[in-house]
Amino acid sequence: MDEQKVIEMFHMMYDNFPTRVRLIRKNREVLAVNKIAEAEGLEAGVRCVDQPPIEGHRNCKANQALKENRGKFYFAEDGTVMFWAPLEGCQDIYVHGSLHKDRPDPREKER
């Protein structure tokens, strides 16, 4: 599938998702971020592993998810749930996001 089309579909699916989500290549280049990720200062065109928090990357399941071609979860001690989901038909591209019980929506400050 055309990469630009994948990015458009990502925005259609995740721009209004209630927590941050990114579309990432296997080489860790961020292709797209949803609205909350953008409000938190995350951006496309950089490597995800170079964005904070650096220590948060040590439990990354991206390689395992891509190798097995199925989604993976990680449940952190603070209650955060992280997920990695390969895209069907798009080799080496995955969606990565996290759910935080107590993290406020950064866009609420804008209102």
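Guide: Two strands count as paired if DSSP finds at least two bridges between them. The model discussed here is predicted.

Visitor: Which order do the strands of the open sheet have?

Guide: The open sheet has 5 strands in the order β2-β1-β5-β4-β3, and their pairing is antiparallel.

Visitor: Which strands stand at the edges?

Guide: Strands β2 (30-33) and β3 (72-75) do. Each has a single partner strand, so one side of each lacks a neighbour in the sheet.

Visitor: And what is the average twist from one strand to the next?

Guide: The twist averages 20° between one strand and the next.

Visitor: How do strands of a sheet pair in general?

Guide: They pair through backbone hydrogen bonds, in either a parallel or an antiparallel manner.

Visitor: How many bridges join β4 to β5 here?

Guide: Strand β4, residues 81-86, is joined to strand β5, residues 93-99, by 6 bridges, and the two run antiparallel.

Visitor: What stands opposite W84?

Guide: Opposite W84 is H96, a residue of β5.

Visitor: A change of topic: how many disulfides does a search of the whole structure find?

Guide: The search finds 0 disulfides. C48, for example, is in none, and the nearest cysteine sulfur, in C60, lies 6.4 Å away.

Visitor: Is C48 buried or exposed?

Guide: C48 counts as buried, because its relative accessibility is 5% and the cut-off for buried is under 20%.

Visitor: What about C60?

Guide: C60 has a relative accessible area of 33%, so this residue is partly exposed.

Notes:
Residues numbered from 1 in each chain as written. Predicted model: local features only at pLDDT ≥ 70, side-chain atom pairs only at ≥ 80, totals over all residues. Heavy atoms only, no water. Helix = DSSP H or I, 4+ residues; strand = E, 2+ residues; numbered from the N terminus. Axes fitted to C-alpha atoms, helices over the stretch in contact; angles between N-to-C directions. Disulfide = S-S within 2.5 Å. Buried < 20%, exposed > 50% of the residue type's maximum accessible area, 1.4 Å probe, protein only.
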